[in-house]
Amino acid sequence: MKSLERGGHPETTARKRLFWFLQISGWFGVGLMSLYPLVQIFDGKTMAVIMVLRVASGILVTLGMRWLYCRMGWRDWSWWRLGAAVLLICMALGTLDSISTQKLSRVLTGSGVPEEIHSFLLITGILLRTSVLMIWSLLYFGIKLWLETAEVKLRAAQSEASARTSELKQLRSQVNPHFLFNALNSILAEKDDPEAVERITQELAGFLRFSLRPAGDCQLLGEEIEALEHYLRVEKARFEEKLVYEIRVSQEAGFHRVPVATVQPLLENAMKYGRKTSPTPLRLVISADILPAYGVLKVVVANTGRWVDEDSEHSHGIGLSNLRRRLELLFGREARLTHAATDDGWVKVEVVIPLESMNEGRAAS
């Protein structure tokens with residue numbers, strides 16, 4: 001905690017400013033509260049000198065206490081030991097401060113306290129001064145512990161955010177190679193048709209230009225849809241009439257920012273498992289729209305065929321799990337990824353993202 005006492009760091013500077021604000025305003029308040037009893041006993045000049053001396057001595061004494069507290073190693077003490085030490089320090093300094101202030105004011109003003117009330121005022125002054133120093137000590141330790149607790153929580157939050165960012169980067173790095181692997185398989189299937197290979201390669205290049213560009217955590221949904229059309233044309237060239245696809249994305253949804261590769265794993269799984277379970281042709285529909293009544297963006301990828309459970313031999317693997325984890329890291333439970341199989345032979349995978357979460361910038365790139 002020594003770093004908290006040193007200058008240079010913005011946090012330390014802010015703490016010093018807080019300390020001096022409380023120190024000066026607090027002792028000025030104590031001086032104002034002592035005006036009433038002083039007015040009853042002393043003339044104006046003597047009263048002013050005593051008040052200035054009390055405020056100045058209060059600041060100097062508490063600066064000395066702060067120096068002492070910083071070096072006491074009190075964090076390893078029990079509360080009883082700390083309380084007893086603080087009480088003794090406050091009593092000793094309160095007595096010394098009251099006696100020295102009274103004597104110094106007599107020297108400066110030439111007038112002293114009337115003899116008949118001298119003892120009463122001295123004892124009262126010592127008790128009040130000790131009480132004020134005790135209150136100052138309670139505030140000192142209370143504020144210090146509160147600031148240190150807040151700092152520990154802040155560091156824990158920063159550590160968690162750093163770990164979350166690292167995990168997001170790792171998950172993102174898993175997406176593109178997986179998708180690229182499937183696209184290269186499509187090209188390999190057309191190796192005997194040079195024109196088809198050239199056409200497919202151009203489409204794949206279009207997808208890679210989008211995929212390999214620098215990007216943050218989010219992108220426009222419309223940009224991802226445009227890139228995925230290149231991929232679908234690769235698959236269409238390979239499967240021809242065995243694949244029929246349709247894209248229905250509203251203009252408003254296309255301008256909405258979503259996590260990188262939101263639709264890609266849905267499409268990839270639809271292609272992979274739809275080919276295995278769908279009657280010919282495999283039909284794919286990609287749709288996205290804003291639902292103002294619910295305050296969400298909904299993206300759906302549907303395909304003919306049947307759902308394959310994740311724990312079966314034909315698991316949906318890394319794609320959906322990867323996307324589900326990224327949504328959880330970015331939005332918590334506010335976003336969801338669900339799937340459903342309908343009676344008419346379709347499988348729908350749906351991603352719902354709250355618009356408010358995106359507007360708050362939690363998923364800003």
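What separates Trp136 and Tyr140 in helix H5? Being 4 residues apart in that helix, Trp136 and Tyr140 are separated by about one helical turn. Helices (H or I, at least four residues) and strands (E, at least two) are DSSP runs, numbered from the N terminus.

The model is predicted, and for this reason local features need pLDDT of at least 70, side-chain atom pairs count only at pLDDT 80 or more, and totals for chains, interfaces and linings use all residues. Residues are numbered from 1 along each chain as its sequence is written, and side-chain values use heavy atoms, with hydrogens and water left out.

The description may begin with the aromatic residues. A pair of aromatic rings is described by the distance of the centres and the angle of the planes. Rings of Phe, Tyr and Trp (its six-membered ring) pair if their centres lie within 6.5 Å; planes under 30 degrees apart count as stacked, over 60 as edge-to-face and the rest as tilted. The structure holds 7 aromatic pairs. The ring centres of Trp136 and Tyr140 are 5.5 Å apart and their planes lie at 10°, so this pair is stacked. Both residues, Trp136 and Tyr140, are buried, where buried means under 20% relative accessible area, exposed over 50%, and partly exposed in between (1.4 Å probe, protein chains only). One aromatic cluster is formed by Tyr69, Trp74, Trp136, Tyr140 and Phe141.

Charged side chains also meet rings. A charge sits over a ring if NZ of Lys or CZ of Arg is within 6 Å of the ring centre and within 35 degrees of the ring normal. Arg66 lies over the face of Phe19, at 4.1 Å from the ring centre, and Arg81 lies over the face of Trp77, at 4.1 Å from the ring centre.

Side chains of opposite charge can pair when their charged atoms come close. With a salt bridge taken as a side-chain nitrogen of Lys or Arg within 4 Å of a carboxyl oxygen of Asp or Glu, the count comes to 6 salt bridges. One of them joins Arg129 and Asp97 (2.4 Å, N to O). Arg129 lies in helix H5 (residues 115–189) and Asp97 in helix H4 (residues 79–109), so the pair ties together parts that are 32 residues apart in sequence. Arg129 counts as buried at 4% relative accessibility, and Asp97 is likewise buried, with a relative accessible area of 4%. Another salt bridge joins Glu203 and Arg233 (3.1 Å, N to O). This pair links helix H6 (residues 194–211), which holds Glu203, to helix H7 (residues 221–239), which holds Arg233. Glu203 counts as buried at 17% relative accessibility, whereas Arg233 counts as partly exposed at 34%.

An open sheet is formed by 5 strands in the order E2-E4-E5-E7-E6, with mixed pairing; two strands pair if DSSP finds at least two bridges between them. The edge strands, each pairing on one side only, are E2 (243–249) and E6 (336–341). Strand E4 (residues 282–291) runs antiparallel to E5 and is joined to it by 8 bridges. Ser287 has Val300 in E5 as its bridge partner. Helix H9 (residues 264–277) packs on the sheet, touching E2, E4, E5, E6 and E7, where contact means heavy atoms within 4.5 Å.

Conventions
Axes fitted to C-alpha atoms, helices over the stretch in contact; angles between N-to-C directions.
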